[in-house]
Amino acid sequence: MTNFGEKVSFIWSVADLLRGPYKPAQYKEVMLPLTVLRRLDCVLAPTKEKVLEKAAELKGGKVANAEPILNRVAKASFHNTSKLDFAKLLGEPDKIAGNLTAYIKAFSSQVRDIFEKFKFEEEIATLEENNRLFLVIKKFAEIDLHPDRVPNIQMGYIFEELIRRFNEAANETAGDHFTPREVIRLMVNLLFAPDRDLLVKKGIVRTMLDPACGTGGMLAVADEYLHELNPDAKLEVFGQDHNPESYAVCGSDMLIKGHNIDHIVFGSSFSKDGFSATKFDYFLANPPFGVEWKPDQEAIEKEYEILGMNGRFGAGLPRINDGSFLFLQHMISKMKPVKDGGSRVGIVFNGSPLFTGDAGSGESEIRRWIIENDWLEAIIALPNELFYNTPIFTYVWIVTNRKAKERRGKIQLINGVLFFHKMRKSLNNKRHEISPEFIEDLTRIYGEFKDGITRNFTVDGNDDTFVVSKVFDNADFGFRQITVERPLRLNYQASPQRIEKLRGLTSFENLAKSKKKDKKQAAAEEQAGRQQQEEILAILSTIDATKLYKNREDFVVVLDTAFDKARMKLAAPIRKAILSALGEQDESADICYTTNGAAEADSDLRDHENVPLKEDIREYFDREVKPHVEEAWINEEKKDKKDDQIGIVGYEIPLTRHFYKYVPPSPLEEIEAEIAGLEKDIVRMMREVVG
């Protein structure tokens, strides 16, 4: 076995031994941990005796933590203090389960942690119970994965290929862990594109974080890309994930490739930030779509309330059922200051972060914070049916605090929804893929940074030209939401039907309720309340039930006179309830006024207008609202909390609308001919059915 394909196929052939006790979707639970274990076994083989000697020398000594010393002797970031290896495990078939468990426990702490997250002891028991453990270990012992035979980068490719195959075998959930490689490659291209001249320098070192790293695919492709660009460059990759198996796979991948395993952290990035004091050069992430953040709610809200803008989430909190924007805020908080070189972020979202949330909402405020700080560089719309577990359209956001001079104050939108080929064989929801040529073209379109770039595509059999790039000012995505009021117009009538409505109003019902704890006092108070209710109803019945009042002030005079005559003074809540019950909206009635003489607003007719930030709200109002509703006015009390101007500032990015292309319907003659043809087909088929 000398090439990549042969090694992958050999390891994959272990599946033949697993059939029966394991379903295809479960093969990875055995094969991934054992691939890692065999690699580590081979890596440590040359220094094993020296490590055992040093471990014996240090045993019982004064060194509290021998791991760093033993790692140095092993010439790796890990070690093993057991005398066992794969060959010796096969020497005692009857004891192989216990020996294998002991061998794994003799590794350094980081490796033990990975195998604990794999829950591999359970698999050892299952394999032993089904008489497969010896056969599987024997099979893995036949392949030499020593770095001299399989360099780190090739071992990384082997491991990634195994992960891909496993994810395809279990594609009903693959999207939870696996981002299509072509999507990652596109993101990496876009992320590194402005820095190509810098990244080819000899000995360059850069850092990258994926706070939702899953199995580490994004970090792996970024590392691979930089190695292709510059073999002398080094990308220090960091990741965090809350899923135990994903963390174990990612950690294994890092170990296999020779990366520092301490850079991969287990736990939630929100509540257990593994890199709280670290800044990074680059960020990549594909956080789960539409997943609620309730498990971390307490920690997130506490940080938001106590630290505000000094914390990660000060810009705002999105709705509980989608934590996507929390990941972006988390990454932005770890960007390097511009004076230290700044940072670049690439993140995949569904459509929700583009427009969800009204002005003043958490999502809108987060968009506002990003755009007004001039961090949003570009958004690229991807084709649908690209991911394994969802057919939806997705979007790559590029965020940076070091825009090129020509991009400052601008945002580029790229419509890449037609940049795909149909796959010969679909993988669950994945039916489309982005070819290397399309990746290059999208990267080129991004790099050209021009408004109005076009491409030709064939859609539904028709060749057409489509605009695929547009450039906007930051302010083009902002608006000021003004509240438009219209006057309240009510008529009043003391009819039996309207009087009856009073009985159901809370303040009227509360007259016959008591909060007293003493039962006798409470009963007396309730009786007095019921009597008062009846008196009020009786007084209202003395008002002419046939007369309709179209002026509230006129009716109030009649109402007050009736109660003054009965010598009953109405409490303000009861008076308000009576007017509410006896009044009804009437466009022909007079306007109702407040005590200071201003027209009272009708909350049922209240409306909102989103005025583009570049427009004057009064000019917009006079042009768009006044001609249709002459008596409307702007509610000047509704002001933005940040700038104290009339109207609440909001931001949304209607990407689809900006690239919408009107397609006129077919001529009427063609439609009629098509319908006639269908009718003939239906008649023919009906005749075939009935004979």
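Leaving aside neighbours within four places in sequence, alanine 222 is in contact with Val188, Phe192, Met208, Leu235 and Leu284. The model is a predicted one, and in it alanine 222 sits in helix 14, which runs over residues 217-229. With a relative accessibility of 0%, alanine 222 counts as buried, because the cut-off for that label is under 20%. Glycine 239 comes 17 residues away from alanine 222 in sequence, and the C-alpha atoms of the two are 13 Å apart in space.

Helix 14 also holds glutamate 224. This residue, too, goes down as buried, since its relative accessibility is 10%. Once residues up to four places away in sequence are set aside, glutamate 224 touches Tyr157, Glu160, Arg181 and Arg185. So what does alanine 222 touch, on the same terms? For alanine 222 the list reads Val188, Phe192, Met208, Leu235 and Leu284.

In soluble globular proteins, nonpolar side chains tend to be buried together. Here the largest nonpolar core takes in 57 residues, and the members that touch the most others are Leu37, Leu100 and Phe115. Helix 3, covering residues 28-44, puts in the most, with 9 residues.

Zooming out, the protein chain is built with 28 helices and 18 strands. Its radius of gyration is 35 Å, whereas a compact globule of 691 residues would come out near 26 Å. Taken along the principal axes, the C-alpha atoms fill a box of roughly 110 × 80 × 80 Å. Of the 691 residues, 49% are buried. Among contacts with a separation of 6 or more, 75% join residues 24 or more positions apart.

As for the surface, the accessible area of the protein chain is about 34,900 Å², and carbon and sulfur atoms account for 50% of that. The charged side chains number 96 positive and 110 negative, with the centres of the two sets 5 Å apart.

How values were computed:
Residues are numbered from 1 along each chain as its sequence is written. This is a predicted model: local features need pLDDT of at least 70, side-chain atom pairs count only at pLDDT 80 or more; totals for chains, interfaces and linings use all residues. Side-chain values use heavy atoms; hydrogens and water are left out. A nonpolar core is a set of buried Ala, Val, Leu, Ile, Met, Phe, Trp, Tyr and Cys residues joined through side-chain atoms within 4.5 Å. Buried means under 20% relative accessible area, exposed over 50%, partly exposed in between (1.4 Å probe, protein chains only). Helices (H or I, at least four residues) and strands (E, at least two) are DSSP runs, numbered from the N terminus. The radius of gyration is taken over C-alpha atoms; the globule rule is 2.2 Å times the number of residues to the power 0.38. Contact means heavy atoms within 4.5 Å. Accessible areas come from the Shrake-Rupley method with a 1.4 Å probe; for residues, only the protein chains shown count as cover. Lys and Arg count as positive and Asp and Glu as negative; His and the chain ends are not counted. The place of a charge is taken as NZ of Lys, CZ of Arg, CG of Asp or CD of Glu.
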